[in-house]
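Please open the structure in a viewer and keep the selection tool at hand. Each stop of this tour says what to select and then describes what is found there.

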Amino acid sequence: MTLHLIQHADSASLENCLRHAGAKDAVLFLQDGIYALVSGKNKLENFHGQLFALADDLADRGLTARCPEHVQPIAVDGFVELTESHSPCVSWR
Amino acid sequence: MGTAVLNVGARKLAIDEEGFLECLDDWDRDTAAALAGAEGIELQEPHWEIIHAIRQFYADYDHAPPMRALVKFIKISLGANKARSVYLLKLFPGSPALLAAKIAGLPRPDNCL
Amino acid sequence: MNYALLVLSPAHSSQGARSALLFARAAVARGHKIERVFFYGDAVHAASALIVAPQDEVDLTSEWATLVADNGTELLVCVGASLRRGLLDETEAKRYSKSQYNLHPAFEIAGLGQLVEASQTCDRLITFS
Amino acid sequence: MPELTQKNIVILCQQPPYGSATAREGIELCLAASVYLSELKVVFTGDGVWQLVRGQDTTNSGNKQHDKLLAAFPLYDIDLVYADQSALDARELSPGNLIDGVTAISAEELAAILANAEQVLSL
């Protein structure tokens, strides 16, 4: 079970990630990856794994309310927890 | 930097404190002989074979090789006998890849490798 | 678990360096060990001792230093990446005849081999880019 | 070299060359890693596949020529070099456009390589 990190706003990096992520994997959006999440939420429709976003990074950007329903906001503590249960961790850019 | 001078005939060439040429365009056969002389080496045909090989490596791969890659390259270009560490150490004592690069007028091999 | 972090994001001009720090703290709080943080590319600037942070903003360098002091984390900057970007310790300054050096004492200059080694010995490696 | 139980390591190259130092520094990481790892896998995906284009010529720019650095991989015993076919397709790159020694792999194969990796270093 891989943990995929989306740290950049670039939509191509999100598409690349989803092309290689499986149903058992988790994807975490953080930093400017939040923008990729909000503007690219229709890309997530065919992804069957778990989706997370860092709550503080959503809040910073004023996008907490626009976090898609099936994406779970988590604290940094939850990020660490994801790295405990998932390996390897792949950062897309 | 230019902390020292290498005398090549009438030319005075700048070298850094580890003996590498400051200006790589200064390199020619006489310079190589002078660089080798500074290391106590008198260049013979076997040295030149390696010098040409390491310069070819640099031309092909755009960096000065660490020992392992140099050995593999020599094995392909000059044969297994000349790629042995013992052989290379005899020609260029201590650190063959570094010393051969210096005499061949290549930049100092990258720190990271 | 043992963690290694690879930080590539430019210090101060991107959020990645700070994300890595927050992650490191949270991991320590959960009982993990951050063995080694390896700064590569533009991330090496985080190790400059000459950074002046505005009073009401985060001083990333000293926060990393605190992590070292409290948890024995190794903070390593890649030698090749550092030299090109003008980040030197006393040894490198001497070697290249530079009159100044600026590496913060909490950081060490290291080879890429030490990043590879960390990838082998740690349970997890997380890249912040 | 320290004798380590080797973990399965993948270096994921995602940035194009020349515009930034990342691609070049990624190659340096590959070369350094080859000293320790006999089974290192290097995967090019996204804009990283631009690194593999044949016919780069830096004679006038003075830049290190990226494809020459890559061509040295076999001399460092780096033999497991892959390119993401979907990334090649998206950029209209065919095998004839690429340097030698690279194996194109499908999205599924790439996913499997990542899933089997114990650590992924992404640049």
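**Stop 1: a salt bridge in chain B**

Select B:Lys82 and B:Glu49, whose side chains meet in a salt bridge with an N to O distance of 3.0 Å. A salt bridge is a side-chain nitrogen of Lys or Arg within 4 Å of a carboxyl oxygen of Asp or Glu. In general, side chains of opposite charge can pair when their charged atoms come close. This pair links distant parts of the chain: B:Lys82 lies in the loop between α3 and α4 (85-91) of chain B, B:Glu49 lies in helix α2 of chain B, and the two are 33 residues apart. Helices (H or I, at least four residues) and strands (E, at least two) are DSSP runs, numbered from the N terminus. Over all chains, the count comes to 24 salt bridges.

This is a predicted model, in which local features need pLDDT of at least 70 and side-chain atom pairs count only at pLDDT 80 or more, while totals for chains, interfaces and linings use all residues. Residues are numbered from 1 along each chain as its sequence is written, chains are lettered from A and ligands numbered from 1 in the order in which they are written, and side-chain values use heavy atoms, with hydrogens and water left out.

**Stop 2: two helices of chain B**

Next, select residues 45-61 of chain B, which form helix α2, together with residues 67-78 of chain B, which form helix α3. Their axes come within 10 Å and cross at roughly 110°. Axes are lines fitted to C-alpha atoms, for helices over the stretch in contact, and angles run from 0 to 180 degrees between N-to-C directions. α2(B) and α3(B) are therefore roughly perpendicular to each other; angles under 35 degrees count as roughly parallel, over 145 as roughly antiparallel, 65 to 115 as roughly perpendicular and the rest as oblique.

Which residues of α2(B) and α3(B) make the contact? Among them are B:Glu49, B:Ile50 and B:Phe57 of α2(B), and B:Leu70, B:Phe73 and B:Ile74 of α3(B). Contact means heavy atoms within 4.5 Å. The residues of this contact of α2(B) with α3(B) divide into 10 nonpolar, two polar and two charged. Here Ala, Val, Leu, Ile, Met, Phe, Trp, Tyr, Cys and Pro count as nonpolar, Asp, Glu, Lys and Arg as charged, and the others, Gly among them, as polar.

**Stop 3: where chain C meets chain A**

Now show chains C and A together. Chain C gives 18 residues to the contact and chain A gives 21. Between them, the two chains bury about 1,500 Å², 50% of it on carbon and sulfur atoms. Buried area is the accessible area (1.4 Å probe) that two parts lose on being put together, summed over both. Select C:Gln15, C:Arg30 and C:Ser129: within chain C these lose the most area to chain A, together 38% of what that side buries.

How many salt bridges are counted between chain C and chain A? The count is three. To see a salt bridge, select A:Glu84 and C:Arg30, whose side chains meet at 2.7 Å, N to O. On the side of chain C that touches chain A, α1 (16-29) and β5 (124-128) each supply at least two residues. α1(C) gives the most, with six residues.

**Stop 4: a helix pair across the two chains**

Select helix α4 (residues 76-85) of chain A, which packs against α1(C) at an angle of about 75°, with their axes 9 Å apart. That angle makes α4(A) roughly perpendicular to α1(C). The residues in contact include A:Phe79 and A:Val80 of α4(A), and C:Leu22 and C:Phe23 of α1(C). By class, this contact of α4(A) with α1(C) has seven nonpolar residues, one polar and one charged.

**Stop 5: where chain A meets chain D**

Turn to chains A and D, where the contact takes 11 residues from chain A and 19 residues from chain D. They bury about 1,100 Å² between them, 52% of it on carbon and sulfur atoms. In chain A, A:His20, A:Pro88 and A:Arg93 lose the most area to chain D, together 50% of what that side buries. Zero salt bridges are found across this interface of chain A and chain D.

**Stop 6: two backbone details**

Most residues other than glycine have a negative phi, and most peptide bonds are trans. Select A:Ser87 and A:Pro88: the peptide bond from A:Ser87 to A:Pro88 is cis, with omega near 0°. A:Pro88 is found in the loop between α4 and β5 of chain A. Finally, select C:Ser97, which has a positive phi of about 50° although it is not a glycine. C:Ser97 lies in the loop between α4 (90-95) and β4 (107-110) of chain C.
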